[in-house]
Amino acid sequence: MQATILDKETPQKGISDEKILELDELYCSHGDTVHYDKAPKVFSDCEGSFMFDSEGTEYLDLQMMFAACNFGYKNKRISDAVIDQINKMPQICPRYLYDYKTLLAEKIAKANIERFGEKGRVHFNVGGSQAIEDALKLIRNYTKKQRMFAFFGGYHGRTMGAACLTAGYRYREPFGHFADEAHFVPYPYCYRCPYGKNCEDCNYYCVQQLRREFEDGCSGLYNHGTKSSECAAFFVEPVQGSGGYIVPPMGYFKELKKVLDDFGVLFVSDEIQMGFYRTGKLWSIEHFGVTPDVITFSKSLTNGMNPLGGMWAKEEFINPDIWPAGRTHSTFCNNPLGTRAGYEVMSILEEEDWETEVTQKGEYFLKGLKYLEGKHKRIGTVDGLGLALRIECVTEDGYTPDPELRQKIQDEGMKGNLEYHGRKCGIILHSGSHYKNAITLVPPITISYNEINMAIELIDQLFTRFSN
Ligand SMILES: Cc1ncc(COP(=O)(O)O)c(C=O)c1O
């Protein structure tokens, strides 16, 4: 048999970065997100708030596997739980029951009774997009309608159904016509209000516009004769994630919900990125005093350990008479490693006062960012809720979005040549936003105050490098 490169150089023996890049070039599809970067970065270890490259240089990670690791990398308690599950019962056909699937569902269902006073059920699947697919099916199954509302700037995944709700045309353009594309509505992005209003005195002009569309019998949203909306549900990110960590005014969703209730439209809170105390509450929608009909979740449910996502829905929509056996399924949907990790995550969340912890750390972090905003002209605004934070990069005029600057700063952080307390280090930043100019900061919620200080210092160094 012909020897392969791996016979000589295995990951255990320490395959070089160059070889990894060579293999990637030869054998890996470039269709995932690795090649968003011209020079993809190779990492070899992770711990807590840091990633490490093969030279041992540390990178403070402020994106945490696209917000999938709220408890930091290699969290011992979650790893131990998964290892225990590997030894006990790592596999089971999803046709059969076992303890942790039901225990995790119970925790989520009870958490929602506590928060919303609503009985409901949980349905698991393998990731965020799949959770969205299932929520779509649940709503279509109940309402017999296909169209949904979603927001400009929203991101709900890239599978075919989820891509119908994801606003960016770039996610759909190569694939032809998407028949069930959502009706997109402007997000309350008040710093750059799509209607040019001032959020202090606009009286929720954007919501009024939506109401007006419903009331107008010719607008195409509502049939006043049959009293039926063409769109069955509104898929909402209470704090927009990929859209740039935009926090709407606190009264916004109550106003929106009034319109949706008046015209019979359901409310889905997509908590895939903002759930599990990212914003200081289990679900980000809790900040806004609104009870959703369906919640989707994934990412930090397992702290990035094993793919698992799911949806919770009010009993009315998911009871077994309406949603009987086999309505949706994947071989891996209830996988024991994921549900065990999820159970551990929910247990950790129940045991400590994360609301206070995340709120206080978030305020401290935001204070540091505001200091940087005062110092650097090229920071247009900073904002955040809990530990979901953002920095808008702007041109010299202080307001025009500057996506090139954002890209330069992000790339510079990845070079690993910043300095903190005499140590060489890097910083991993992520970006989002309607204009590709926002740096989104997603530290683990376990980040220490010293690490927040480090983050502020490193971001300061980056903006200083590009201050002219
Ligand atoms: C709000 C939101 N919904 C859905 C998804 C899709 O999740 P996944 O990447 O696991 O398919 C994401 C991913 O970033 C997300 O942020």
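Axes are lines fitted to C-alpha atoms, for helices over the stretch in contact, and angles run from 0 to 180 degrees between N-to-C directions. Helices (H or I, at least four residues) and strands (E, at least two) are DSSP runs numbered from the N terminus. The model is predicted: local features need pLDDT of at least 70, side-chain atom pairs count only at pLDDT 80 or more, and totals for chains, interfaces and linings use all residues. Residue numbers start from 1 along each chain as its sequence is written.

**View 1. Helices α13 and α14 pack at an angle of about 125 degrees.** The axes of α13 (residues 403-413) and α14 (residues 449-465) are 10 Å apart. I409, E412 and G413 of α13 meet L462, F463 and R465 of α14 (contact: C-beta atoms, placed from the backbone, within 7 Å).

**View 2. An open sheet of 7 strands has mixed pairing.** Its order is β4-β12-β11-β10-β9-β5-β6, where strands pair if DSSP finds at least two bridges between them. The edge strands, each pairing on one side only, are β4 (120-125) and β6 (183-185). Neighbouring strands of this sheet are turned by 20 degrees against each other on average, direction ignored.

**View 3. Strand β4 runs antiparallel to β12 (residues 309-314).** The two are joined by 6 bridges, and G120 stands opposite K314 in β12. Helix α5 (residues 99-116) packs on the sheet, touching β4 and β12, and its direction makes about 135 degrees with that of β4.

Technical notes. Contact = placed C-beta atoms within 7 Å.
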